[in-house]
Amino acid sequence: MRRSLCFLILLSSAVALRGQTPQSTPSQHPVKFFVYERGRGLGWQWYKAPPDNIYGYGESLLRFGLSQTVARWDWRLEITQATILDAPNTAVSPSTAQGQLGLGGSYYVGNGNNSYPAAAFLKQGFVRYGFDGDKNIRLGRFEFFEGLETKPKNPTLAWLQPNRVAQRLVGNFGFTNAQRSFDGIDAHYGQGTWDVTAMAARSDQGVFNMNGNPELNVDMQYLAYTKSDWQERFLWRVFAIGYHDGRTGITKTDNRPLPVRQADHQNIRVGTYGGDFLTAIPAGPGQFDFVGWGALQNGQWGEQDHRAGAADIEGGYQLLHVASTPWLRGGWFRSSGDNNPSDNKHGTFFELLPTPRVYARFPFWNLMDLKDEFVQLIDRPKRQWELRSDLYWLQLTSGKDLWYQGGGAYDNKVFGFTGRPSGGFTSFASAADISSDWHATPHLDVGGYYSYAWGKSVAGGIYPQGRNAQLAFLELVYHWDTPLKH
């Protein structure tokens, strides 16, 4: 009853906000007030394990603040108030291998075993100066999304860029309630069809920890060149990322024995170098699309040498001259795993600081030590309503490595990625999902999601009592901004 009440409170508060439409007052350089509220109710059935793998909880994410543009300058000050309602205290198994039973357990443990964690913190606070053309420099605390350096005019590329390329390696972990920000500097230098983006920053706490204010001893540097060609039908990017984790007191997650990992207090320093392309080609009553992405890594994984890589190839066809423009797509992804836990080499592809749920919509996996074959269908019955369904066939690349989960560093107590033993298997799981996203009004979005996963040998070896899992949620998002009155 208590969980149902929390969920109803979230829904009713978001609907009530919808009715507020303050009037704005014109000004030459108005200070704008903005607010964003996301209420979400979730139900989990994790793979079967004690104490309890079936539970529900609620989330409230409130973001609000001020912004202004004056001549070449603009600034933004934003506060987040993040709350979890009734995180389960029974979703952490006493078995180390079984671990946290879904994200409800992650929220409970990540906030000091608290079922109702809440905190307010500075989400963004930056100033930016714009030069002539597409050139600017920003300093302060901000969100950063690699792969979103440009805004394609082609609607197909505009969907593919955020959904199939961006945030594979660096993002704000937007599905979580506290999310992620960076303290540092970034800059864009471009003109017309090309852009150069550079960024150097330190990651902040957040994600599963409701207090997102402190900095972590985790920093990164990013450089990318992006260009569009062929009348905005081809977009490509090359990039390089430097990553450093100086949290030497935290045990790393990899396939070495625990005593070896506990004795490794060396920093992680990883370089990632890669590129991607997107294209849309008219053909008959519709168009083909193709996506390619790849990256190689080197550096030091503590005391080990690090060498790894990953690649993704995708394609699809969309009908453009029917009412709902159905779009069928498929693809293949592979990232390297580590085949020998006893040598001095770390071969697991490292995902840095990503937003995992963009590519794992039922977030029980990420893109490390993974083979993913998938098919997806996107349809739009109305212009403001998108339906989507994905099918995944998942395997581990190496049976001597781990089943990895998570999206990177988020506090100074845990590594940020978790790993479960593969048991020598590579057959991991299959999953199917369906989602509905409706832009109901200019200020209100309504979303729903359901997924079912069939565990194979890897999942069954860890959870022999029940190798299937489910996730469902309903969310309401209210967003509004207005100039302040004088």
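## An aromatic cluster

In this predicted model, one aromatic cluster is formed by Trp 44, Trp 46, Tyr 47, Phe 362, Phe 364, Trp 365, Tyr 392, Trp 403, Phe 428 and Tyr 463. Rings of Phe, Tyr and Trp (its six-membered ring) count as a pair if their centres lie within 6.5 Å, and a pair is called stacked when the planes are under 30 degrees apart, edge-to-face when they are over 60, and tilted for the rest. The count by this rule comes to 40 aromatic pairs.

## Charges over rings

A charge sits over a ring if NZ of Lys or CZ of Arg is within 6 Å of the ring centre and within 35 degrees of the ring normal. The charged end of Arg 76 is placed in this way over the ring of Phe 34, 3.9 Å from its centre, and Arg 168 lies over the face of Trp 293, at 5.1 Å from the ring centre.

## Backbone details

Although Asp 369 is not a glycine, its phi is positive, about 50°, and with 0% relative accessibility this residue counts as buried. Gln 179 likewise has a positive phi, near 60°, and is buried with a relative accessible area of 5%. The peptide bond from Pro 50 to Pro 51 is cis, with omega near 0°.

Residues are numbered from 1 along each chain as its sequence is written, and side-chain values use heavy atoms, leaving out hydrogens and water. Local features need pLDDT of at least 70 and side-chain atom pairs count only at pLDDT 80 or more, whereas totals for chains, interfaces and linings use all residues.

Terms used:
Buried < 20%, exposed > 50% of the residue type's maximum accessible area, 1.4 Å probe, protein only.
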